[in-house]
Amino acid sequence: MKHLLPALFLCLLLPAGLFAQEDPWGEDDWDDEEQESRWSGFVEGGFGTRFSADPLIDNPHTLEEIRWRLESEWQPGRYTFGFKADAAYDGIEGQWTGEVRDLTLAFTAGASTDLKIGRQVQTWGTGDLVFLNDLFPKDFVSFFAGRDDEYLKAPGNAIRISKYAPAVNIDFSWTPVFEPDIYLTGERFSFFSPIAGGNVAPDPPLSAIEPEKSLSNGEFALRLFRNVEGREYALYAYNGFFKQPRALTEDLEPTFAAMTSLGASLRRPAGPGLLNSEVSYYASRDDRGGSDPLIPNDQFRFLAGYEWEARPNFTVGLQYYLEWTLDYDVLIDNSPFPQYEADEFRHLLTNRLTYRAGRDRYTWSLFTFYSPSDQDFYLRPIFTYRHSDQWSVYAGANLFGGNKPDTFFSQLQDASNAYLRVRYNY
Amino acid sequence: MRKFAIQSLILLSLSAVAAAEDLSDADEIVSRANLAAYYVGADGRSEVRMIISDAQGRQQRRQFTVLRRDVAEGGDQQFLVVFSQPSDVRGTAFLVDKHVDRDDDRWLYLPGLDLVKRISAGDKRTSFVGAHYFYEDVSGRRPSDDSHELIETTDAFYVLRHEPKDAATVEFASYTTWIDKLTFLPMKIEYRNSAGKEYRRVEVVEVQEFGGHPTVTTSRVMDLAGGGQTDMQFRYIQYDVGIPQDIFTERSLRTPPREWLERPAE
């Protein structure tokens with residue numbers, strides 16, 4: 001009889017006990033975050049090849065690499081140290097390369113100010129793969145070669161100060177030494193040269209002359225932003241240089257022209273989707289009148305976009321983008337190559353289609369750039385398969401085409417490629 | 001945990017006593033269930049982990065911390081979700097301004113790109129980070145989006161049937177909920193398609209009390225059509241901790257608020 005009561009209790013507990021056995025979680029798993037720091041990252045193999053040969057570049061491949069990512073975070077007291085770096089063997093360049101993408105100290109000063117100091121990736125603005133007021137460095141070579149989207153944003157050495165207040169939030173970023181985009185050099189992809197009148201692939205690869213490392217040649221970027229009832233307003237200012245080597249020195253070597261920009265953006269819900277609009281004015285400080293043929297003119301840029309979920313798991317994004325080159329008549333009158341100057345109005349339409357299936361296990365995505373004024377296009381299909389928390393496979397292509405030899409996407413016709421990447425996350 | 005299991009058994013047996021005060025207004029039951037499931041306290045925090053199993057039994061895991069603040073009881077709410085696992089989503093953060101009179105505002109932060117991506121409003125009955133749960137299961141579906149009918153009152157449950165007012169925006173034709181008469185927690189939800197066939201089921205597996213509030217600590221959603229399920233567990237739950245409004249802003253996406261994310265001493 002004295003065993004009856006415990007037996008009754010056991011019966012009551014049985015369902016709970018059974019569940020405990022089914023519980024696929026080890027009880028210790030919750031302790032993960034107790035560790036102050038941990039290492040993670042991935043190992044990725046990538047291979048990409050051209051659809052047709054580029055007569056200027058021997059290598060038919062556009063991506064040949066094994067990449068190892070290591071990252072961690074360490075939080076002593078109120079400070080956060082971040083670290084993220086890649087080591088890769090690049091078969092195209094035939095060498096090991098290393099890149100630190102994040103090496104930062106972050107902390108809060110006062111109640112409403114955050115500082116982040118060191119090498120970091122920064123992004124702002126409302127465009128989808130179109131950038132107006134985001135003048136942080138971008139890596140177009142990685143983008144065109146089919147590396148992960150993450151690599152489109154290149155890191156820079158900067159001090160970022162963010163001040164948050166009810167009236168307006170302020171982001172200020174100072175990059176003491178100018179960080180240009182990773183531009184086309186002729187090593188992996190050839191590019192159009194107006195002097196040659198066709199594509200070139202210089203050897204050694206193109207290396208544009210960068211501004212002198214002085215305090216006044218640093219980059220200053222400012223964003224004021226505020227969210228009012230779901231409508232996100234922002235104002236932007238930038239002082240630095242054009243991020244691409246679009247200017248020439250007096251010795252006709254490529255370099256970066258001084259540039260100051262002002263801009264604004266709005267992002268808000270509208271109907272079933274999201275509307276974004278952004279403008280910017282690029283003032284080419286050394287050629288305000290537009291008469292210097294070696295230096296780009298002022299530009300006005302405009303973007304309007306709309307994104308919505310057209311069907312469950314199927315999202316459509318449309319953008320219209322305009323680059324309006326100012327003082328255009330003066331530019332043409334002074335240009336040694338008027339036939340190769342960009343149009344006064346460069347119109348660009350983009351379309352992003354994304355379909356996710358199997359609870360995001362499979363993602364089909366197609367991003368299309370089409371310029372009716374340049375008569376060129378860039379198609380970017382990507383298929384992603386997430387096999388598990390560890391393994392993912394990415395297959396995609398970068399397809400360029402156009403009618404003229406000198407336009408932005410058309411010059412990359414021989415760079416059209418397909419690639420496959422396999423990643424193991426640890 | 002076992003002590004709580006016994007307590008809930010006792011509570012269930014007591015529900016017969018409460019039967020005298022049965023509610024009969026479906027809208028009121030739904031309103032109270034909405035408060036019990038999503039509006040406990042003025043704010044709350046919890047750590048959550050999910051095991052996502054597909055039809056072949058392959059498993060993926062997610063772990064994150066949720067902070068919630070009610071702007072108004074039964075009304076607007078704010079959520080911040082910060083992921084810690086697996087490694088490829090660590091640092092990803094999700095911010096929701098939930099509104100009762102218009103579509104929710106939602107942002108996703110992708111740390112690799114330092115990108116604050118806004119998510120369009122329609123996208124809410126799609127998978128939440130690969131799980132069988134939908135975005136809407138996490139932050140709650142507006143009671144006013146459906147019409148409600150009380151179809152049965154048992155000893156322990158109010159059984160209600162719900163139909164969407166706008167059928168084009170959802171994948172279900174109707175769903176049925178079993179709402180606990182004592183706690184008002186929805187203990188089981190069955191979703192049916194236009195053929196009347198059940199294809200999706202959400203079940204509460206375990207309830208515990210925190211600060212006097214009965215709280216779901218284990219739940220499960222099953223895909224009855226395609227196979228597979230997601231198990232979700234909640235731990236380190238606290239209510240009324242005083243999370244300020246300014247935690248639910250873009251700042252917290254880029255710089256997760258450690259003060260509020262750190263695990264409380266138990």
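## Backbone exceptions in the loops

In this predicted model, Asp327(A) sits in the loop that runs between strand S17 (314-325) and helix H3 (328-334) of chain A. The phi angle of Asp327(A) is near 50°, a positive value in a residue other than glycine. Asp327(A) counts as partly exposed because it has 18 C-beta neighbours inside 10 Å, where 20 or more would be required for a buried residue. A second case is Gln375(A), which is not a glycine either and has a positive phi of about 50°; Gln375(A) belongs to the loop between strand S19 (362-371) and strand S20 (376-386) of chain A. Gln375(A) is likewise classed as partly exposed, because 14 C-beta neighbours lie inside 10 Å.

Two cis peptide bonds also deserve attention when the backbone is inspected. In chain A, the bond from Asp203(A) to Pro204(A) is cis, with omega near 5°, and Pro204(A) is placed in the loop between strand S9 (198-200) and strand S10 (219-228) of that chain. In chain B, the bond from Gln85(B) to Pro86(B) is cis, with omega near -10°, and Pro86(B) lies in the loop that separates S3 from strand S4 (93-98) of chain B. As background to these cases, most residues other than glycine have a negative phi, and most peptide bonds are trans.

## Chain A as a whole

The secondary structure of chain A consists of 3 helices and 22 strands, and its C-alpha trace spans about 110 × 55 × 45 Å along the principal axes. Of the 426 residues in chain A, 32% are buried. Among the contacts in chain A with a separation of 6 or more, 54% are between residues 24 or more positions apart.

Ala85(A), a residue of strand S3 (residues 79-90) of chain A, gives a local view of this chain. When neighbours within four places in sequence are left aside, Ala85(A) is in contact with Leu70(A), Gly98(A), Glu99(A), Val100(A) and Arg101(A). The C-alpha atom of Ala85(A) is separated by 9.1 Å from that of Gly41(A), a residue 44 positions away along the chain.

## Nonpolar cores

The largest nonpolar core contains 18 residues, and those with the most contacts inside it are Val141(A), Phe144(A), Phe189(A), Phe400(A), Phe409(A), Leu412(A) and Ala415(A). Helix H2 (residues 140-145) of chain A gives the most to this core, with 3 residues. Phe144(A), not counting residues up to four places away in sequence, touches Phe189(A), Asn398(A), Leu412(A) and Ala415(A).

In soluble globular proteins, nonpolar side chains tend to be buried together.

## A helix and a hairpin in chain B

Helix H2 (residues 26-38) of chain B has 13 residues and reaches 18 Å from its first C-alpha to its last, close to the 18 Å expected at 1.5 Å a residue. The buried residues of H2(B) are Ile29(B), Val30(B) and Ala33(B). These residues are on the same side of H2(B), because they cover an arc of only 95° around the axis. The buried residues of H2(B) pack against S7, S8, strand S9 (174-180) and strand S10 (186-192) of chain B.

Two of those strands are partners in a hairpin, in which 3 residues join S7(B) to S8(B). Strand S7 (residues 146-153) and strand S8 (residues 157-164) of chain B run antiparallel and are joined by 7 bridges, and within this arrangement Asp146(B) stands opposite Pro164(B) of S8(B).

## Where the chains meet

The contact between the chains takes 44 residues from chain B and 39 residues from chain A. On the side of chain B that touches chain A, at least two residues each are supplied by helix H1 (2-18), strand S1 (43-53), strand S2 (59-70), strand S3 (77-85), strand S6 (115-119) and strand S13 (229-239) of chain B. Sorted by class, the residues on this side of chain B are 10 nonpolar, 16 polar and 18 charged.

Definitions and conventions: Residues numbered from 1 in each chain as written. Chains lettered and ligands numbered in written order. Predicted model: local features only at pLDDT ≥ 70, side-chain atom pairs only at ≥ 80, totals over all residues. Core = buried A, V, L, I, M, F, W, Y, C linked by C-beta atoms within 7 Å. Buried ≥ 20, exposed ≤ 12 C-beta atoms within 10 Å, placed from the backbone. Helix = DSSP H or I, 4+ residues; strand = E, 2+ residues; numbered from the N terminus. Contact = placed C-beta atoms within 7 Å. Pairing = 2+ DSSP bridges. Nonpolar A, V, L, I, M, F, W, Y, C, P; charged D, E, K, R; others polar. Expected span 1.5 Å × (residues − 1). Arc of directions from axis to C-beta.
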